[in-house]
Amino acid sequence: MARSTSNGVLAKVVAVLEALSQIAFARDVGRLDLRTAQKYGWTIMTAQYPVFDVIFNHTTAAPLRVRLTCDDWDDRPPSVELLDAAGGHLTTPPPNAVGIFHAGPHHGTGRPFVCMRGTREYHTHESHLRDDWANYRGQVGNDILGLTVQIWRAWKRAVK
């Protein structure tokens with residue numbers, strides 16, 4: 001009997017944590033308005049927990065699509081996938097992209113990745129295991145939109 005009670009309590013705790021994660025996601029993504037998305041040249045594909053999927057558009061370069069999977073937000077940083085506009089995974093980083101765009105492959109995904117504080121791929125990479133997400137979470141610019149803007153800025157510098 002005690003075991004089933006502890007399983008029930010655990011299930012309730014998990015449900016509460018999931019609800020808090022959804023609330024934090026909605027708060028962060030809810031700050032993005034249409035005017036800001038247009039200013040940045042973003043097309044929002046999905047903003048439904050736990051996925052924030054956005055295309056970075058450019059007048060002379062191929063668009064870059066990034067999909068942030070924010071399960072357990074903000075206890076864990078988002079996982080960031082680099083995609084083409086149609087949603088296919090990139091096999092190489094965006095052209096001319098340096099800095100945070102790593103050719104990889106990342107040991108967990110086998111693909112190129114964003115190697116930047118605040119991304120799950122960075123914090124789980126063997127060379128950054130001691131740089132814990134807890135050191136950055138909750139800081140200005142490390143919410144979902146702030147991380148997305150950092151990635152967008154790095155990409156924009158590459159496509160000039």
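In the predicted model, R157 is located in helix 4. The residue counts as exposed because its relative accessibility is 58%, above the 50% required for that class. R157 belongs to a surface patch of positive charge that also includes R35, K39, R153 and K160. Two elements, helix 2 (34-40) and helix 4 (144-159), each give two or more residues to this positive patch.

The chain as a whole comprises four helices and six strands. Read from the N terminus, these elements follow the order α-α-β-β-β-β-β-β-α-α. Along the principal axes, the C-alpha atoms occupy a box of roughly 65 × 35 × 30 Å. Of the 160 residues in the chain, 42% are buried. Among contacts with a separation of 6 or more, 43% are made by residues 24 or more positions apart.

The structure contains 13 salt bridges. One of the salt bridges joins R67 to D53, with the closest N and O atoms 3.1 Å apart. Because R67 lies in strand 3 and D53 in strand 2 (residues 51-56), this pair ties together parts that are 14 residues apart in sequence. Both R67 and D53 are buried. These two residues also take part in a network of salt bridges that links D53, R65, R67, E81 and R111.

A further salt bridge is formed between R27 and D28, the closest N and O atoms again being separated by 3.1 Å. The relative accessible area of R27 is 45%, so this residue is classed as partly exposed. D28, by contrast, is buried, with a relative accessible area of 1%. In the salt bridge between D71 and R76, the closest N and O atoms are 3.0 Å apart. D71 has a relative accessible area of 25% and is therefore partly exposed. R76, at 33% relative accessibility, likewise counts as partly exposed.

The loop between strand 3 (64-69) and strand 4 (79-83) contains D74. D74 counts as buried because its relative accessibility is 18%, and burial is assigned under 20%. When residues up to four places away in sequence are not counted, D74 touches W133, R137 and G138.

V114 is situated in strand 6 (residues 113-114). With a relative accessible area of 0%, V114 is buried. Apart from neighbours within four places in sequence, the contacts of V114 are V80, L82, I100, F101, T119, E121, Y122 and I151. The C-alpha atom of V114 is 12 Å from that of R65, a residue 49 positions away along the chain. R65 is itself one of the residues in the salt-bridge network that includes D53 and R67.

Terms used:
Residues are numbered from 1 along each chain as its sequence is written. This is a predicted model: local features need pLDDT of at least 70, side-chain atom pairs count only at pLDDT 80 or more; totals for chains, interfaces and linings use all residues. Side-chain values use heavy atoms; hydrogens and water are left out. Buried means under 20% relative accessible area, exposed over 50%, partly exposed in between (1.4 Å probe, protein chains only). Contact means heavy atoms within 4.5 Å. Patches are made of residues with over 30% relative accessible area and no salt bridge: like charges are joined within 9 Å, nonpolar side chains (Val, Leu, Ile, Met, Phe, Trp, Tyr) within 5 Å. Accessible areas come from the Shrake-Rupley method with a 1.4 Å probe; for residues, only the protein chains shown count as cover. A salt bridge is a side-chain nitrogen of Lys or Arg within 4 Å of a carboxyl oxygen of Asp or Glu. Lys and Arg count as positive and Asp and Glu as negative; His and the chain ends are not counted. The place of a charge is taken as NZ of Lys, CZ of Arg, CG of Asp or CD of Glu.
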